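Please open the structure in your viewer and keep the selection tool at hand.

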Amino acid sequence: MLGDAQVAACAISEHRWKGQGQVSTDTHTIVFSGVAEDAAKAEMGVGFVLNKEGRQAWRAAEEEVEFAGPRHMMVRTRVARRFISLVAVYAPTYQRPEEEKDAYYESLTELVRKAKARGDEVFILGDANARVG
């Protein structure tokens, strides 16, 4: 389906895999960040599915990735002459404790600051668990 749509990079969330890493096929690469390998339960998780063009842009940026836990991660890509940092997110819901939400947003802010300090364009993709009304 992603191949038919010619989507170069697609953020995924709530994949519920443990650990961090990448899995590749002939057509796509999945870069993922989940809970620790020794976690009692596999929950949350974020990542990116990259097609051949997305994988090429990631390789042009030396396959730079920053795993920041099961709620967000960042891959850096190079398109033409500019760098683009893609941040995958899976935000806590409003029912979660304030401390957890604060820690999430502080960590996300730090990822964005790092990318902006390098002069990257930043795109935040994923599940913001936003509520309206």
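**Stop 1: the aromatic pairs**

Begin by selecting W17, which counts as partly exposed because its relative accessibility is 34%. The model in the viewer is a predicted one.

The structure holds 2 aromatic pairs. W17 and F32 form an aromatic pair of the edge-to-face kind, with 5.0 Å from centre to centre and 90 degrees between the planes. This pair links distant parts of the chain, 15 residues apart: W17 belongs to the loop between β1 (9-13) and β2 (20-24), while F32 belongs to strand β3 (residues 29-33).

Now select Y104, which is buried with a relative accessible area of 4%, and then Y105, which is partly exposed with a relative accessible area of 43%. Which arrangement do the rings of Y104 and Y105 adopt? Their centres are 4.7 Å apart and their planes stand at 85 degrees, so this pair is edge-to-face. An angle over 60 degrees is what places a pair in that class.

**Stop 2**

The next stop concerns charged side chains. Side chains of opposite charge can pair when their charged atoms come close. How many salt bridges does the structure hold? There are 12 salt bridges in the structure.

Select R71 and E100 together. These two residues form a salt bridge in which the closest N and O atoms are 3.2 Å apart. R71 lies in the loop between β5 (65-67) and β6 (72-79), and E100 lies in helix α3 (residues 98-117), so the pair ties together parts that are 29 residues apart in sequence. R71 is buried, with a relative accessible area of 13%, whereas E100 counts as partly exposed at 24%.

R96 is partly exposed, with a relative accessible area of 38%.

**Stop 3: further charged groups**

Move to E63 and R59, which form a salt bridge whose closest N and O atoms are 3.3 Å apart. E63 is partly exposed, its relative accessible area being 32%.

Then select E64, R76, R118 and D120 at once: a network of salt bridges links these residues. What sits over the ring of F83? The charged end of R76 does, 3.8 Å from the centre of the ring.

**Stop 4: G126**

Finally, select G126, a residue of strand β8 (residues 121-127). G126 is exposed, with a relative accessible area of 56%. Which residues is G126 in contact with, leaving aside neighbours within four places in sequence? G126 is in contact with A11 and V89.

G126 and V46 are 80 residues apart in sequence, and their C-alpha atoms are 8.1 Å apart in space.

Technical notes
Residues numbered from 1 in each chain as written. Predicted model: local features only at pLDDT ≥ 70, side-chain atom pairs only at ≥ 80, totals over all residues. Heavy atoms only, no water. Salt bridge = Lys/Arg side-chain N within 4 Å of Asp/Glu carboxyl O. Buried < 20%, exposed > 50% of the residue type's maximum accessible area, 1.4 Å probe, protein only. Helix = DSSP H or I, 4+ residues; strand = E, 2+ residues; numbered from the N terminus. Contact = heavy atoms within 4.5 Å. Phe/Tyr/Trp six-rings, centres within 6.5 Å; stacked < 30°, edge-to-face > 60°. Lys NZ or Arg CZ within 6 Å of the ring centre and 35° of its normal.
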